[in-house]
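Keep the sequence beside the structure as you read.

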Amino acid sequence: MALTLGRVGAVPAFVLLWQSPGAAAAAAATGLFVAAAVTDFLDGYLSRRWHVTSDFGAFLDPVADKLMVTAALVLLTASSGQASPLCTLCAMTILGREIAMSALREWAAGAGPAARASVAVGWAGKLKTTVQLVALSTLCLARVPGTSPRLFQAGTALLAAAAFLTLWSVAEYFILIWPYLIGRRCPKTGAGLDR
């Protein structure tokens, strides 16, 4: 829980550091983003290992992740001389997916355990998150003066891969929940409906 709260608190600091001039601020913003990404994995690992979970923690953890990622994507696309059309398209894809999945999970939460289970986080979503965090960490580092221009190219390629995985994962979720959305299965039980 403390790690999750720390990630939420790090978001305004990350934004301020990103917008501050100088190599030191750019390096500090990169370090803060990388630390948040590491604590995201550490938080999940420790929760599973120690069997320490809570409803509030389950709610706050994805919120903390989305806040940091959204801040990085918005700042990246708004930065003069830093954004590219590909980065902007990837950012729109990733943010659009998060909006769609939030709406889908909210609907599934009220549709019963079977529908809710169909949108539980799967391997594609976890892989997407990992590639996305590595991509954004690389793009943060590319802003530090003196780093190789190839870092930005590598970060952009990784962000494109994350966007592809974003579309892949959301397609998987929609395929799984589609029978519930169109009413072919009873939302509360998952049983087929007689037609």
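A salt bridge here is a side-chain nitrogen of Lys or Arg within 4 Å of a carboxyl oxygen of Asp or Glu. Glutamate 98 and arginine 97 form such a bridge, with their closest N and O atoms 3.2 Å apart. The model is a predicted one.

Start with the fold. The protein chain has seven helices and zero strands. Along the sequence, the pattern reads α-α-α-α-α-α-α. The chain has 195 residues, and 37% of them count as buried.

Now return to the charged pairs. Side chains of opposite charge can pair when their charged atoms come close. The structure holds four salt bridges.

Glutamate 98 also meets the side chain of lysine 66 in a salt bridge, at 3.4 Å from N to O. Glutamate 98 sits in helix H4 (residues 85-109) and lysine 66 in helix H3, so this pair ties together parts 32 residues apart in sequence. Lysine 66 counts as partly exposed, because its value is 30%. A network of salt bridges links Lys66, Arg97, Glu98 and Lys128.

Another bridge joins the side chains of arginine 7 and aspartate 65, at 3.0 Å from N to O. This pair links distant parts of the chain: arginine 7 belongs to helix H1 (residues 2-19) and aspartate 65 to helix H3, 58 residues apart. Arginine 7 and aspartate 65 are both buried.

Arg7 and Asp65 are among the residues that line the largest cavity. A search of the whole structure finds one cavity of 30 Å³ or more. The largest cavity holds about 70 Å³ of space. Its lining also includes Phe33, Ala36, Ala37, Asp40, Ala64, Met68, Val69 and Leu133. Helix H2 (23-50) and helix H3 (55-78) each supply at least two of the lining residues.

Trp107, Phe174, Trp178, Leu181 and Ile182 make a nonpolar patch of about 430 Å². Helix H7 (residues 149-181) gives the most to this patch, with three residues. Isoleucine 182 lies in the segment after H7. Isoleucine 182 counts as partly exposed, because its relative accessibility is 33%.

Methods. Residues are numbered from 1 along each chain as its sequence is written. This is a predicted model: local features need pLDDT of at least 70, side-chain atom pairs count only at pLDDT 80 or more; totals for chains, interfaces and linings use all residues. Side-chain values use heavy atoms; hydrogens and water are left out. On a 1 Å grid over the protein atoms alone, a cavity is a set of points where a 1.4 Å probe fits but cannot get out, and a pocket is an open set with protein on both sides within 12 Å along at least five of seven lines; lining residues have an atom within 4 Å of a point. Grid points are joined across faces, edges and corners, and a volume is the space filled by probe spheres set on the points. Helices (H or I, at least four residues) and strands (E, at least two) are DSSP runs, numbered from the N terminus. Patches are made of residues with over 30% relative accessible area and no salt bridge: like charges are joined within 9 Å, nonpolar side chains (Val, Leu, Ile, Met, Phe, Trp, Tyr) within 5 Å. Accessible areas come from the Shrake-Rupley method with a 1.4 Å probe; for residues, only the protein chains shown count as cover. Buried means under 20% relative accessible area, exposed over 50%, partly exposed in between (1.4 Å probe, protein chains only).
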